[in-house]
Amino acid sequence: MPGGAPGGGPGTGVATRGAQHPVLPHQWFAERLLEALTGRRPVGRLMGHVRNPAWEQLWQLVEQCRDWQCGGHRTPYVQRCVAARPARGVVEAAAVVFAAGRFHALAFRLELAPDRRWRCTAVETA
């Protein structure tokens, strides 16, 4: 996954920091995307993980999802994230997330770059 630590981390699917199971690229990105959309992480922290035009799509989503940042006494979370691999080096994922007291859908596409890091190339929400 994007930004994985050398020799391990989200980019490699290797367990990190005491995790018992590997973190898959689509799961890692779904968590970071939800954090950005709910204001728990600055959107700029995703800059190296998102390519244009997905970067522009992300900023539009931040505006559309302003209400995800308000209200609710429960911490936003990813309930489920599933992925398909339509081609080598491509992951298309859909996630069900909880934010601002209700469930929402996220969809995104990750592509493996020549540097072996996953980068988001498309993102949307419903």
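Buried residues have under 20% relative accessible area, exposed residues have over 50%, and partly exposed residues lie in between. E63, at 47% relative accessibility, therefore counts as partly exposed. The model is predicted, and the protein chain averages a pLDDT of 85.

**Confidence**

- At least 70 is the pLDDT score of 82% of the residues.
- Over residues 1-16, pLDDT stays under 50.
- For residues 1-16 the model has 33 contacts beyond four places in sequence.

**Salt bridges**

- The count of salt bridges comes to five, among them the pairs E35 with R41, E63 with R66, and R109 with E111.
- In the bridge between E35 and R41, the closest N and O atoms are 2.6 Å apart.
- E35 has a relative accessible area of 17%, so this residue is buried.
- The side chains of E63 and R66 meet at an N to O distance of 2.7 Å.
- The bridge partner of E63 is R66, and R66 counts as partly exposed because its relative accessibility is 40%.
- R109 and E111 form a salt bridge through their side chains, at 2.8 Å from N to O.

- A83 is found in strand β1, which covers residues 77-87.
- With a relative accessible area of 41%, A83 is partly exposed.
- Which residues does A83 contact, leaving aside its neighbours within four places in sequence? They are H26, V91, E92 and A93.
- A83 and L110 are 27 residues apart along the chain, and their C-alpha atoms are separated by 10.0 Å.

How values were computed: Residues are numbered from 1 along each chain as its sequence is written. This is a predicted model: local features need pLDDT of at least 70, side-chain atom pairs count only at pLDDT 80 or more; totals for chains, interfaces and linings use all residues. Side-chain values use heavy atoms; hydrogens and water are left out. Helices (H or I, at least four residues) and strands (E, at least two) are DSSP runs, numbered from the N terminus. Buried means under 20% relative accessible area, exposed over 50%, partly exposed in between (1.4 Å probe, protein chains only). Contact means heavy atoms within 4.5 Å. A salt bridge is a side-chain nitrogen of Lys or Arg within 4 Å of a carboxyl oxygen of Asp or Glu. pLDDT is the predictor's confidence in each residue, from 0 to 100.
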